[in-house]
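Hi,

Here is the structure I promised to pass on.

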Amino acid sequence: MPLLTKWADGPSLGEIPGLQVLNEEELPMSVERTLITGGTVLTVDPEYGRLDKGDVLVENGKIAAIAPRLDVVEAEVIDATDMIVLPGFVDTHRHTWQAPVRNIGSDWTLGQYLAGIHFGFSKLFRPHDTYVGNLLGVAEALDSGITTLLDWSHNLETPDHADSAVQALLDSGSRAVFAHGGGASMWHVPSAIPHDRDVFRLRDRYFSSDDQLVTMAFAARGPQFTTPEIAIEDWQLARELGVRITVHVGDGEWGKSRPVAWMREHGLLGPEVTYVHCNTIGDDELKMIADTGGSASVSADIETQMGHGWPATGRLLDVGIRPGLSIDVCTSNAGNMFNAMRSTLAVQRALDNAAEERPGQQDRIRLTCRDVLEFATIEGARANGLDRVTGSLTPGKDADIVLLRADALTMTPLNNPAAAVVYNGHPGLVDSVMVRGRFVKRDGKLTELDVNRIRAMAIETRDYLVEQAKTDPYIAECALGGGWIPGSVQPPRAAAIVD
């Protein structure tokens with residue numbers, strides 16, 4: 001008898017795209033099947049849309065079928081009643097190593113962040129601390145429903161630091177992109193230091209297959225942060241590696257130097273490049289990115305907090321680019337996608353309202369909750385080069401799935417599921433999380449990571465870093481902005497933080 005017996009009130013089995021119907025006697029012994037049933041399903045796939053009550057069948061780590069009802073035998077059944085079933089969130093840019101010093105910079109300016117973190121804390125990290133930072137950061141992400149994370153790793157001062165960063169991603173059980181950004185010494189502006197060629201060793205040792213959960217990218221400094229010669233050399237290195245490139249542009253005053261136009265003149269634009277921030281680059285530069293097939297990553301929460309410039313969400317949409325979203329740095333803001341979605345939506349709606357001749361009286365809202373949910377899922381997957389395997393609930397894709405509780409008072413009654421996710425969602429409502437069909441969180445608890453051990457390691461690393469930092473003039477200077485830990489040295493405020 002078929003293991004999937006029917007799709008209630010739907011097409012015959014032979015008409016379901018990508019579904020192979022097996023009889024029990026044909027079933028391989030190793031097959032694993034999970035039926036998620038009765039939830040409100042937000043597929044973020046235009047073909048399947050939204051099911052107010054639907055089922056999702058997971059088979060051997062992949063989504064096998066989606067329908068209003070699937071009658072399946074020989075499957076573990078997950079009752080998703082009073083839950084929203086949606087794709088795992090995708091973070092397109094996070095400096096994950098900074099997790100042990102979370103919130104230290106919440107009251108810092110951009111200049112203080114650069115001084116306190118990049119010229120201060122970064123040099124204090126041991127390889128072990130890098131491991132702890134990455135493991136803590138990814139565990140936090142998984143706990144809040146982020147199943148894919150691009151680790152923009154730019155504190156890899158030695159090969160041991162790089163090995164530790166990658167190993168933490170591998171140990172986490174998450175889908176991740178390790179974007180090698182070199183060591184902190186490479187980030188003194190403008191840098192004339194070539195990118196570390198240790199990237200080839202890392203590629204060959206850890207990233208031999210495109211089918212693995214952790215893949216590789218190149219985090220380039222770009223013309224804002226290096227000499228022209230080094231910027232070109234970095235691109236040549238990335239293309240020799242054969243990986244995607246992610247680069248900061250337009251994050252602050254230096255973004256007005258027209259970095260994208262310069263990159264176009266030197267043949268550095270392309271569909272394999274993701275441009276992070278984009279706040280202060282010109283409208284014509286955004287068009288250059290669109291014309292060459294590039295993608296963008298918006299970090300509205302951190303961009304408004306640090307003063308990068310207004311988030312470019314609306315201007316990106318104007319040229320046809322639908323951005324992915326980014327957490328950026330947990331030294332200053334929260335590490336979950338719910339905050340990122342709300343910030344993106346609120347800021348752009350405020351800008352749209354302010355642009356109206358009659359604020360508050362426009363005919364329609366141009367940026368919807370559905371749009372922002374897509375930014376946090378499928379568009380993020382596209383920016384990470386992973387949209388063929390994740391980012392939507394689509395038969396044939398990997399089963400990266402989040403079950404979000406909708407039985408809380410803040411979600412009841414459930415009238416607009418996408419809006420409920422964006423406006424009312426928070427990590428505490430994330431009931432269960434799948435990565436490639438494997439539960440990494442279930443019934444509100446991480447299943448494959450020892451949370452108590454991670455917390456203990458994080459506190460130990462924090463204590464070590466803080467003790468080392470107490471006499472560091474860069475960090476102590478930044479501490480005067482507030483939010484620091486008692487006992488640190490606090491010299492008189494200098495006229496300039498960054499030379």
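This is a predicted model: local features need pLDDT of at least 70, side-chain atom pairs count only at pLDDT 80 or more; totals for chains, interfaces and linings use all residues.

Let's start with the helices. Two packed helices are described by the angle between their axes and the distance between the axes. For helix 4 (residues 198-206) and helix 5 (residues 228-241), the axes come within 11 Å and cross at roughly 20°. Angles under 35 degrees count as roughly parallel, so helix 4 and helix 5 are roughly parallel to each other. The crossing of helix 4 past helix 5 is right-handed. If you want to see who touches whom, helix 4 brings Val199, Phe200 and Arg203 to the contact, and helix 5 brings Leu237, Glu240 and Leu241. By type, the residues of this contact are four nonpolar and two charged, with no polar ones.

Next, strand 7 (residues 83-87). How many of its five residues are buried? Five of the five are, so strand 7 is mostly covered. Strand 7 has pairings with two other strands that are worth a look. Strand 2 (residues 33-42) runs parallel to strand 7, and two bridges join them; Thr40 has Ile84 in strand 7 as its bridge partner. With strand 16 (residues 401-405), strand 7 pairs in the antiparallel sense over five bridges. There, Pro87 has Ile401 in strand 16 as its bridge partner.

Then there is strand 14 (residues 295-298). In a regular strand the side chains alternate between the two faces of the sheet. In strand 14, Ser295 and Ser297 point one way, while Ala296 and Val298 point the other way. Are these residues buried or exposed? All of them are buried. Strand 14 pairs with strand 13 (residues 273-277) in the parallel sense, over three bridges. Ala296 turns up again here, as the bridge partner of Tyr275.

Last, have a look at Thr147, which is found in strand 9 (residues 146-153). The relative accessible area of Thr147 is 0%. Buried means under 20%, so Thr147 counts as buried. And what is Thr147 in contact with, leaving aside its neighbours within four places in sequence? The contacts are Gly88, Phe89, Leu142, Ser174, Arg175, Asp400, Val433, Met434 and Val435.

Cheers

Technical notes. Residues are numbered from 1 along each chain as its sequence is written. Side-chain values use heavy atoms; hydrogens and water are left out. Axes are lines fitted to C-alpha atoms, for helices over the stretch in contact, and angles run from 0 to 180 degrees between N-to-C directions. Helices (H or I, at least four residues) and strands (E, at least two) are DSSP runs, numbered from the N terminus. Angles under 35 degrees count as roughly parallel, over 145 as roughly antiparallel, 65 to 115 as roughly perpendicular and the rest as oblique. A crossing is left-handed if the near helix is turned anticlockwise from the far one by less than a right angle, and right-handed if clockwise. Contact means heavy atoms within 4.5 Å. Ala, Val, Leu, Ile, Met, Phe, Trp, Tyr, Cys and Pro count as nonpolar, Asp, Glu, Lys and Arg as charged, and the others, Gly among them, as polar. Buried means under 20% relative accessible area, exposed over 50%, partly exposed in between (1.4 Å probe, protein chains only). Two strands pair if DSSP finds at least two bridges between them.
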